[in-house]
Structure formats: C-alpha cells, structure tokens
Amino acid sequence: MTTAGTPGHGPLSGVRVVELAGIGPGPFAAMLLADLGADVVRVDRPGGPGLGIDPAHDVTNRNKRSVLVDLKAPDGAARVLALAERADILIEGYRPGVAERLGVGPDACHAQNPRLVYGRMTGWGQDGPLADRAGHDVTYIALTGTLGMIGRPGEPPAVPANLLGDYAGGSLYLVVGVLAALHHARATGTGQVVDAAIVDGTAHLSAMIHGMLSAGGWQDRRGANLLDGGCPYYGTYATADGGYMAVGALETRFYAEFLHLLGLDHLAGAHDDWSRWGELREQAAARFKSRTRDEWTALFEGSDACVAPVLSLREAPHHPHLAARGTFTDHGGITQPAPAPRFSATPTRVRTGPARPGADTGTVARDWGIPDPADDDLVPDGD
C-alpha cells in the first residue's frame, strides 16, 4: 500500500487519456485510469454537466486535469483533435452520432492519430433499436434481466443505486476494453473503437447465473435461489436496535459454525433441505432480533461463520479491517475510497483532488506540447 510521502505513479504512468466530460460511468472510468497513473485530461465545456454538487467534492474527477473547450465554437473541435493527436486513449459518453456532429468522432480523431483507442460509453450501445433513446442505469439493467433478480418476491425489484449498471456493467467494461485495445495498438500500431454499452456489460456480469439457469440450478424468479435472498443462510437479518447483519454461510462447515453461534444446531439438516428453509429463516430471524448489531458483531468476531454487520457509508471507513488496509483515504478533507486494486511495483494513490473546470489549461498545453489557447489557438500541427 502506498504510504504518506511515497510516490504513487501507478502502472499506467505515461499513458495519456482525453476525457470528453460527461456524468456517471465515463468520468468514473477516467478516474480509474487516472488512479492507475494515467495522465487524464478532462475536456470540460462552459456550463457543462456536473453532479449538482460543488465540483470540489466530485471525487470522480480526482487525479485528473481539466481544460475548458466549447466544442460548438469555431475552434472547439480543432482543440480537442490537438489533444487526441497526442493521446493514447479518448473516452466519450455522448449519444451515438453526437461526437461525429461535433467534429470529434472516431474518423476525425484517427485521421490525426491512427494509434488512438477511442472508447465510447453509452447505455444502449452504438447500434440497435434503442441506440438513440434516452435512458439511465435503472432502465438499462431492467432489460438485461439483472434488475429483475434483485429484491423480495411479490415486491418491486430493489434498485442497487447505480452501481450495477453505470459502474460495474459500464465503467469497468470500458476500462477493460480500452486497456485491451491499447495493448493491441502498441503491438500493431493500429487503434480502434471500443463500444462499451451498459446493457452488454451488465448482461455479461450475469454469465454464471445463466449457466445455473440452463442447468436447472436457478429459478427465473426473485427470492427463490441460493444467492438472491431466497436462501436463509445467504441474506440479511434485522437486529434488536434496527441494524442488520449479513450472512453468507454457504459451505457446510461455515453453515455449521453459523448455526452453532446462533444456538440453532438442531437445524443442521436444513442446509440441503429447501422445504425447511422457512423454518430456519423464522428461527434465525428471531435470534437476530434478540440482540443488537454490535452484540452480534462481537459474537461472530473471529469466526468462519461468514457473518458481518451491514455498515453505512459513513461507518465503513472506520471498520478495523478496512482502516488497517487503508481501503478508504482522506484527501483534501474528503473521505473517499482509495485507488484499487493494489500493485507491488507501481503503487497508486490519490495525487490530486477533483479537477476544477478549466483550471489546468496552461499546464496541459505545456506538458502535451500544445500552444496555450491564452496565447494562441489550439490547433493540430500542420493546420
């Protein structure tokens, strides 16, 4: 783990990334690349999109630099193309066709830089009947079958914030895609377009479930399966003080320890007998309701019962294990997740706070070898 004062350049040090500013999965993907050491330049536009919070708190823009470009201005496209000419990766999250209309689509960028990896982040993808339609995380994951898996039977599906679609099915697949394409570009000298659609990535995440469904090991309904809350030894239980405990005692020996600590050894046979799951759930729920979350946490401490307290966002950074690992960090007065994963030879860290729109135009021009627009127009070489 990177310690205070230790340089944290990361394994992507030397990689240049242009991010055409948006909200949601695109900025998160660019943050991940920046966390890994890439030099990410975010191209903000005057009055452009934001999270509706003070930009100083938008940690998805940490470790980046920002330049301000009005893509609808006469010189807007040329300024972006000048950056693309010197970049390894470009990320955009517009609806299909918008980047092309603005003059910064793949063809225009590859004319300047054939090695460029052009990453496109959308919900529906670049083609298909819904490609031009608006949407958000919840609508994308709804069509993939994954939203329908989450929640209690007989109730509306539970919305998993925007973690499943935007960030797991979207951002992470975009990052995998552009890094794979970068490897190809460095081997062949040829860039390409990466079409990262949230519907594709989220569907891909359910690969194991589809295998189980095909084999008859998964029912196509909520709350009836081993991993969707239907199983009484894989789910959550309320405690006496209104808290919750999470249980994941799947394997036989973990299940036996779970039962023993609850004082329910007589239900050992319910592990493989789904007809007794209701009985087990009822008795386990009654037990958990008899003590507070902290009391149960202390009881299961040090065991292999696979039981943990359900913590809030503000509580999580103070958990002893996460604190010991430095899973969260404080930078500029903001508690936030530390960069992940970890590298033994090229450690990462939060180097800078959230980039302020347009604050780095001069330093980017200097470092990327482009004229500073404060002095001259930012245009590609030869124009």
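I looked up the second largest pocket, which holds about 830 Å³ of space in this predicted model. I found 38 residues lining the second largest pocket, and I23, G93, Y94, R95 and M121 are the closest to its centre. I then listed the elements that give two or more residues to this lining: β1 (16-20), α1, β4 (89-92), α3 (98-101), β5 and α5. The largest share comes from α1, with three residues. By class, I noted 19 nonpolar, nine polar and 10 charged residues in the lining of the second largest pocket.

Next I turned to the largest pocket. I read a volume of about 1,100 Å³ for the largest pocket. Its lining has 30 residues, and those closest to its centre are V59, L313, F328, Q336 and P337. At least two lining residues come from each of α1, α6 and β11 (334-337). I noted that α1 gives the most here, with five residues. The lining of the largest pocket divides into 20 nonpolar, six polar and four charged residues.

Last, I checked helix α7. Which residues of α7 are buried? I found I198, V199, G201 and T202 buried in this helix, which spans residues 198-205. They sit on the same side of α7, because they cover an arc of only 165° around the axis. I also asked what covers the buried residues of α7. The cover includes α1 (25-35), β5 (117-122), α5 (137-144), α6 (163-188) and β6 (192-197).

How values were computed:
Residues numbered from 1 in each chain as written. Predicted model: local features only at pLDDT ≥ 70, side-chain atom pairs only at ≥ 80, totals over all residues. Heavy atoms only, no water. Buried < 20%, exposed > 50% of the residue type's maximum accessible area, 1.4 Å probe, protein only. Helix = DSSP H or I, 4+ residues; strand = E, 2+ residues; numbered from the N terminus. Arc of directions from axis to C-beta. Contact = heavy atoms within 4.5 Å. 1 Å grid on protein atoms, 1.4 Å probe; cavity = no way out; pocket = protein on both sides within 12 Å on 5 of 7 lines; lining within 4 Å. Points joined across faces, edges and corners; volume = space filled by probe spheres on them. Nonpolar A, V, L, I, M, F, W, Y, C, P; charged D, E, K, R; others polar.
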